[in-house]
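Terms are given their cut-offs where they are brought in.

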Amino acid sequence: MLVLVAPGQGAQTPGFLTPWLDLPGVEDRLREWSAAIDLDLVHYGTKADEDAIRDTAVAQPLLVAASLVSARQLFATAEDFSRLVGAAAGHSVGELAAAALTGVLPEEAAMRLVRKRGLAMAEAAAVTETGMSALLGGEPEIVLPHLEKLGLTPANVNGAGQIVAAGTAEQLAALAEDKPEGTRKVVALKVAGAFHTHHMAPAVAALETAVTELTVADPHTRYVSNKDGQVVSSGRDVVQRLVGQVANPVRWDLCMEGFKELGVTAIIEVAPGGTLVGLAKRALPGVKTLALKSPDNLDAARELIAEHAESAE
């Protein structure tokens, strides 16, 4: 059974969209979305530097656009997707890509929503200097109380020995100086805010208003939610979870447990892939994985689909 996953913020790197523009129709699609959301996705995905694409208001639409155009190379229609993919999920902002790929939202509506999400979260992040750091290694029963002591929130519980802490710059500096026992490393992430914490409450309010305008459908393919790793069958419920997740922790560990319960045998991470596949390799031994980093990976992805899509329902 094949699971398709979409990465979250921090996965972007300068120029990562450049090779995708050589494929038929990709640049045209990106320019259509750019006009719809008033953001030059082609420029930011090919020419902008690391600081420019670190901006939340830029990074989020850029990541969702990359996920959608890369997935389209593997699944030309919704019928192809639902026939070949057993389940889909996204990490943080990647959930908007998953919502579009499973038919909950039309692609352009997802792009408009992610633009509003990015702007609202950037505005919320500007109130206080905040950020996020990944803790590699360490046991949750030791790490979580340590974060609480420092006033930090476990914003992403990613499984496979990785928890991401979020909070103020001062709190994160204290963590770097005083990491929990058993933690190998603390790595500052390329994000500009304490996402999935109370610092994002203003963005939740903005999104609650934005989603009232959406036309929503129930997913045609199993959609696994960041909130609890459960399959969500109501499109309206998916959208409400998308709103709430902005200020609540991402439980990717529970998503991977959910994939296992569904019988996953292979995982493809759409562009710019790598992070989620790395977690899966550690947490789901025996499951085949592939990161769609560039068009050079498309043939291998198609082979993996052919091998593992037979069990998709």
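Alanine 217 is in contact with Gly103, Val104 and Gly235 when its neighbours within four places in sequence are left aside, contact meaning heavy atoms within 4.5 Å. Alanine 217 lies in the loop between H10 and E7, where helices (H or I, at least four residues) and strands (E, at least two) are DSSP runs numbered from the N terminus. At 33% relative accessibility, alanine 217 counts as partly exposed; buried means under 20% relative accessible area, exposed over 50%, and partly exposed in between, with a 1.4 Å probe and protein chains only. Between the C-alpha atoms of alanine 217 and isoleucine 142 there are 42 Å in space, while in sequence these two are 75 residues apart.

This is a predicted model, in which local features need pLDDT of at least 70 and side-chain atom pairs count only at pLDDT 80 or more, whereas totals for chains, interfaces and linings use all residues. Residues are numbered from 1 along each chain as its sequence is written, and side-chain values use heavy atoms, with hydrogens and water left out.

Gly103, one of the contacts of alanine 217, comes just after helix H6 and takes a positive phi of about 85°. In helix H6 (residues 94-101), eight of the eight residues are buried, so the helix is largely enclosed by the rest of the structure. Those buried residues include Glu95 as well as Gly94, Leu96 and Leu101.

An α-helix has 3.6 residues a turn, so residues three or four places apart point the same way. After H12 comes glycine 263, with a positive phi near 95°.

Aspartate 38, in the loop between helix H1 (26-37) and helix H2 (41-46), has a positive phi of about 60° although it is not a glycine, and aspartate 38 is exposed, with a relative accessible area of 66%. Histidine 196 likewise has a positive phi, near 65°, but at 2% relative accessibility histidine 196 counts as buried.

The loop between E6 and helix H10 (201-210) is the place of histidine 196, and alanine 192 is found in the loop between E6 and H10 too. Alanine 192 counts as partly exposed at 29% relative accessibility, and, with neighbours within four places in sequence left aside, alanine 192 is in contact with Arg54, Thr56, Ala125 and Thr130. Although alanine 192 and glutamate 181 are eleven residues apart in sequence, their C-alpha atoms are 27 Å apart in space. Strand E6 (residues 183-188) holds threonine 183, which is buried, with a relative accessible area of 6%. Threonine 183 touches Leu135, Leu136, Gly137, Gly138 and Val143, not counting residues up to four places away in sequence.

Which residues have the most contacts inside the largest nonpolar core? They are Leu4, Leu30, Leu41, Phe75, Met111 and Ile268, in a core of 85 residues; a nonpolar core is a set of buried Ala, Val, Leu, Ile, Met, Phe, Trp, Tyr and Cys residues joined through side-chain atoms within 4.5 Å. Apart from it lies another core, of 18 residues, among them Val3, Ala87, Ala89 and Val287. Phenylalanine 75 touches Leu2, Leu4, Asp80, Phe81, Leu84, Val85 and Ile305, not counting residues up to four places away in sequence.

Taken as a whole, the protein chain has 14 helices and ten strands. Its radius of gyration, taken over C-alpha atoms, is 18 Å, close to the 20 Å that the globule rule (2.2 Å times the number of residues to the power 0.38) gives for 313 residues, so the chain is as compact as a globular protein of that length. Of these 313 residues, 56% count as buried, and residues 24 or more positions apart account for 75% of the contacts in the chain with a separation of 6 or more.
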